[in-house]
Amino acid sequence: MGAASLGVEIAAARLIAPYFGASTIVWANTIATVLTALAIGYWLGGRLADRRPHLGGLCLLVLIAGLALAVVPFVARPFLDASVTGLSHLAVGAFLGSLVGVLVLVAGPVLLLGAVAPYAVRVSVTGIEDAGRVAGRLYAISTVGSLVGTFSAALLLIPFAGTRRTFLVFALALTLVAALRLTRWALLAPLALVVLLAIPPGGAGRSVADGRVIYETETPYQHAQVVQAPDGSRRLELNEGIAVHSLYRPGSFLTGDYWDDFLVLPRAVLPDAPHRLAILGNAAGTTARAYGHYFPSTRVDAVEIDGRLTGIGRRYFDLRGPHLRTVTADARPYLRASTTRFDAIFVDAYRQPYIPFYLATREFFALVRARLRPGGVVVVNVGHPEGSADLERAIAATMRQVFPSVARDPVEPTNSLLVGSSTPVLASTLTNRARTLPPDLMPIADSAATRLAPAPRGGPVYTDDRAPVEWLIDASILQYAANRGR
């Protein structure tokens, strides 16, 4: 039971992430719900065991728990889709949405799993003299099972079998163990789950808004899909499928979106194209690919924590470059271990809608400056709800603790690029140097120069000790939804 309950906890967080994110708030809701359900299950299991203290009752309980677990991934998508739509009109953020999702989907099966522990103790104890020994042995077995469930779900089942099949594998194990001690009819339950395991999850080929899914996979970090539009353009969607993390247009290296501004903004500081560039949060490589085309002499370190996305980039997004080095690593540990000094560092690492807190702190930007050459530049993509500048103010205030000059380019209604350097970041400098850029990039530089201005002031300074990014984003989403509802 320990293996199933902890495995379900890991899988439940993965099930919720595509809709409400994977922030500490969502994890707190998941853990709290599981613990509460287990506590109620322990109480209920003790009462049931005293009423029917025999093995048949225990096996029936395990069988029901397994079947309840198997239902979860099949009802999750329609329920969570409806939850996102309905709760958005009520102006609630990830906290309440994820709490409702976990409660409805997994609280019941976990409660039943919790009831198994005291029931097993009651059935196993034959006399008061061995009660302590039996209970200790069962709890030790359960704890070892919890470790097995945790690591098998996180390292094997979710990455290689997917979230749906992770639920089915644990459900199959439960029903099989229970059915072996019940009637022959009970064997139909695990047989049915074997059939469900053999059915591939729906994916490539299905239609979505403005295109169809041509590739879909579960990675160790997230759900990823490639959507191709009728004009042949492709976009990489992660988890919730709302934000686009990489974009490819056939026959072009430009996107018409915020990625293009990464090609020109460094020239507001640098006299030439960067000789060494680090992209932290490369995804499928939209920016890295464009640099390889327009600035082939630039040496690019494209850093992405999820190596599967790099493979997707090479296969579906034409990720290549004459001096491109792809690195599978978390951004901050990579930067800390690096001995390279860069002319420019780009930070574009979101798990929508949250930027990892440790990439938005004073200590992180101090590390960035230490890895920049004198006069180098950092460009940070700040995604935010339309009309909200709270996160932008906070990150700008934090960057000013390290960089004397911080400017902003509000390139899209939901994206602002913050530019920091030890030398002045000036629109006039970008305008003057626009003529030295490739012809395709000149109008982009001119447009960026008209928007480039000092970054907003008044935000809090984030540190490694205190950086409430999730709460700030949730509050911004609440405010945005409330304003739309008026």
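In this predicted model, R289 lies over the face of F253, at 4.1 Å from the ring centre. So what else does the ring of F253 meet? F253 also pairs with Y294.

**Rings meeting rings**

A pair of aromatic rings is described by the distance of the centres and the angle of the planes. With 6.4 Å between their centres and 75° between their planes, F253 and Y294 count as edge-to-face, because that label applies to planes over 60 degrees apart. Where do the two partners sit? F253 is in the loop between β5 (244-248) and β6 (276-280), while Y294 belongs to helix α8 (residues 286-294), so this pair ties together parts that are 41 residues apart in sequence. Both F253 and Y294 are buried.

Y258 and F262 make another edge-to-face pair, and these two residues are buried as well. Here are the two pairs:

| Pair | Centre to centre | Angle between planes |
|---|---|---|
| F253 and Y294 | 6.4 Å | 75° |
| Y258 and F262 | 6.1 Å | 65° |

Across the whole structure, a search turns up 9 aromatic pairs. Y258 and F262 also belong to one aromatic cluster, together with W259, Y291, F295 and F346.

**The sheet**

Now for the strands. Eight of them form an open sheet with mixed pairing, in the order β8-β7-β6-β9-β10-β12-β11-β13. Which strands are at the edges? They are β8 (324-328) and β13 (453-454), and each pairs on one side only. Helix α12 (residues 390-400) packs on this sheet, where it touches β10 (372-383), β11 (405-412), β12 (415-421) and β13. The direction of α12 makes about 10° with that of β12.

Let's zoom in on β7 (residues 299-304). It runs parallel to β8, and 5 bridges join the two. Facing V303 across that pairing is V327 in β8. Strand β6 also runs parallel to β7, again with 5 bridges, and L277 has V300 in β7 as its bridge partner. Is β7 mostly covered or mostly open? Mostly covered: 5 of its 6 residues are buried.

A302 is a residue of β7. With a relative accessible area of 1%, A302 counts as buried, because the cut-off is under 20%. What does A302 touch? Leaving out residues up to four places away in sequence, its contacts are I279, N282, A288, L324, R325, T326 and V327. A302 and T328 are 26 residues apart in sequence, yet their C-alpha atoms are 8.5 Å apart in space.

**Two helices with a buried face**

Helix α11 (residues 362-371) has these buried residues: F364, F365, L367, V368 and R371. Looking down the axis of α11, you would find them within an arc of 155°, so they line one face of the helix. What do these residues pack against? Their partners are β6, α10 (331-337), β9 (342-347), β10 and α12.

How values were computed
Residues are numbered from 1 along each chain as its sequence is written. This is a predicted model: local features need pLDDT of at least 70, side-chain atom pairs count only at pLDDT 80 or more; totals for chains, interfaces and linings use all residues. Side-chain values use heavy atoms; hydrogens and water are left out. Two strands pair if DSSP finds at least two bridges between them. Helices (H or I, at least four residues) and strands (E, at least two) are DSSP runs, numbered from the N terminus. Contact means heavy atoms within 4.5 Å. Axes are lines fitted to C-alpha atoms, for helices over the stretch in contact, and angles run from 0 to 180 degrees between N-to-C directions. Rings of Phe, Tyr and Trp (its six-membered ring) pair if their centres lie within 6.5 Å; planes under 30 degrees apart count as stacked, over 60 as edge-to-face and the rest as tilted. Buried means under 20% relative accessible area, exposed over 50%, partly exposed in between (1.4 Å probe, protein chains only). A charge sits over a ring if NZ of Lys or CZ of Arg is within 6 Å of the ring centre and within 35 degrees of the ring normal. The arc is that of the directions from the helix axis to the C-beta atoms.
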